[in-house]
Amino acid sequence: MNEISLTVDIGKLHLKKPVMGASGTFGFGQEYEDFLAVDEIGAIVTKGLTPLPREGNPGVRIAETPAGMLNSIGLENPGVDAFIRDILPKIKKYRVPIIVNISAGTVEDYGEMAQKLDIVGVDALEVNISCPNVKEGGIVFGTDPRSAAAVTSSVKKHTGKTVIVKLSPNVTDISCMARAVEAAGADAVSLINTITGMVIDINKRKPLLGNITGGLSGPAVKPVALHLVWQTAQSVKIPIIGMGGITDGEDAIEFLLAGASAVAVGAGNFANPRAVKDVTDGIERYMRKNNIHGLNEIIGKLEV
């Protein structure tokens, strides 16, 4: 058996494995203890935190779709202060990096959250910019390069942690967004966030989801996600964490070949709570079968 290494660096993060659970699908890590050894995954990416607690959206929040699902959770979470006080002390026991996903309504709030989380036990921030900018008439930060850059700059100014900016696919040119946050100091980008969609209850003649629209994820989005990861990899030099419809090792290898340095499993965790481990095992099998010793022999090696 050839010796192989699954390690990869994302900014200051050193990952023992290149696979993690995507934010919002892996809780705070504790929820998966019955299914896998959390210490053996690449990293914990927390569910999204906001400056204050949020109850989330009313009504139906999840709908199954062909080859995927729509979610309209509305960022239900305990808030950043409760996370620091009640949750972080319990999950610091895991011997893996903890990446905290943050969302806010203003550039200033992003900066304040970053400052609060610049503490021992937090290894990186994943900045969710798919949120309305309340000071600018509801513009979503992730669809405007200047707003995205302003958020990135504010977060970088207030933390010494690795800063990963999560990009929205609901844009005309994701490369433009990626270049904007790279220029503003982002250490890495993660993509894709969910694609906006909806489901209609034909009997009631109403939207099924309480919020009308939701975020589409699952295998249905994988071709779109792969293309956007590949497109982004041509545009920036910082590492990419790829996600979108990954359910097995072969899916992950596709993302690595397209230019991702690591991957995250999202909706796949709901169908298979061992998905993060299974995907990791699949990557390792591929590497052994093809006599590949390190991820650098795969990452960005798509031949076009």
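This is a predicted model: local features need pLDDT of at least 70, side-chain atom pairs count only at pLDDT 80 or more; totals for chains, interfaces and linings use all residues.

User: Which residues make the contact of H4 with H5, and how do they divide into nonpolar, polar and charged?

Analyst: The crossing of these two helices, H4 and H5, is right-handed. On the H4 side the contact is made by Ile174, Ser175 and Ala178, and on the H5 side by Leu228, Gln231 and Thr232. These residues of the contact of H4 with H5 divide into 3 nonpolar, 3 polar and no charged.

User: H4 also meets H3; what is the orientation of H3 to H4?

Analyst: Helix H3 covers residues 145-157 and helix H4 covers residues 174-183, and their axes come within 8 Å while crossing at roughly 30°. Because angles under 35 degrees count as roughly parallel, this crossing makes H3 and H4 roughly parallel.

User: Which residues of H3 and H4 meet, and how many of them are nonpolar, polar and charged?

Analyst: H3 passes H4 in a right-handed crossing. From H3, Pro145, Ala148, Ala149 and Thr152 meet Cys176, Met177, Ala180 and Val181 of H4. Sorted by kind, the residues in the contact of H3 with H4 come to 7 nonpolar, 1 polar and no charged.

User: At what angle do H6 and H8 pack, and what orientation does that give?

Analyst: Helix H6, made of residues 249-258, packs against H8 with the axes 7 Å apart and an angle of about 70°. Since 65 to 115 degrees counts as roughly perpendicular, this angle makes H6 and H8 roughly perpendicular.

User: What lies in the contact of H6 with H8?

Analyst: H6 and H8 make a right-handed crossing, and the H6 residues in their contact are Gly249, Ala252, Ile253 and Leu256, while those from H8 are Val279, Gly282, Ile283 and Tyr286. The residues of this contact of H6 with H8 divide into 6 nonpolar, 2 polar and no charged.

User: Which residues have the most contacts inside the largest nonpolar core?

Analyst: The largest nonpolar core holds 88 residues. Setting aside neighbours within four places in sequence, Leu167 is in contact with a set of residues that includes Ile129, Ile174, Met177, Ala178 and Val181, together with Leu191 and Ile192. The residues with the most contacts inside this core are Leu167 and Ile283.

User: Where is the cis peptide bond that involves Ile192?

Analyst: Most peptide bonds are trans. Ile192 itself lies in the loop between strand E12 (188-191) and strand E13 (195-198). With omega near 15°, the cis bond runs from Leu191 to Ile192.

User: What are the phi values of Ala67 and Asn291?

Analyst: Most residues other than glycine have a negative phi. Ala67 is placed in the loop between strand E5 (62-65) and strand E6 (68-71), and Asn291 is found in the segment after H8. Ala67 counts as partly exposed at 47% relative accessibility, and Asn291 is likewise partly exposed at 47%. Although neither is a glycine, phi is positive in both, near 60° for Ala67 and about 55° for Asn291.

User: Is Glu303 buried or exposed?

Analyst: Glu303 is found in the segment after helix H8 (275-289). Its relative accessible area is 77%, and because a value over 50% counts as exposed, Glu303 is exposed.

User: How far apart are the C-alpha atoms of Lys17 and Ala262?

Analyst: Lys17 is found in the loop between strand E2 (13-15) and strand E3 (19-21), and its relative accessible area of 23% makes Lys17 partly exposed. Not counting residues up to four places away in sequence, Lys17 touches Leu6, Glu40, Ile41, Gly42 and Thr280. Lys17 and Ala262 are 245 residues apart along the chain, and their C-alpha atoms are separated by 8.3 Å.

Notes:
Residues are numbered from 1 along each chain as its sequence is written. Side-chain values use heavy atoms; hydrogens and water are left out. A nonpolar core is a set of buried Ala, Val, Leu, Ile, Met, Phe, Trp, Tyr and Cys residues joined through side-chain atoms within 4.5 Å. Buried means under 20% relative accessible area, exposed over 50%, partly exposed in between (1.4 Å probe, protein chains only). Contact means heavy atoms within 4.5 Å. Axes are lines fitted to C-alpha atoms, for helices over the stretch in contact, and angles run from 0 to 180 degrees between N-to-C directions. Helices (H or I, at least four residues) and strands (E, at least two) are DSSP runs, numbered from the N terminus. Angles under 35 degrees count as roughly parallel, over 145 as roughly antiparallel, 65 to 115 as roughly perpendicular and the rest as oblique. A crossing is left-handed if the near helix is turned anticlockwise from the far one by less than a right angle, and right-handed if clockwise. Ala, Val, Leu, Ile, Met, Phe, Trp, Tyr, Cys and Pro count as nonpolar, Asp, Glu, Lys and Arg as charged, and the others, Gly among them, as polar.
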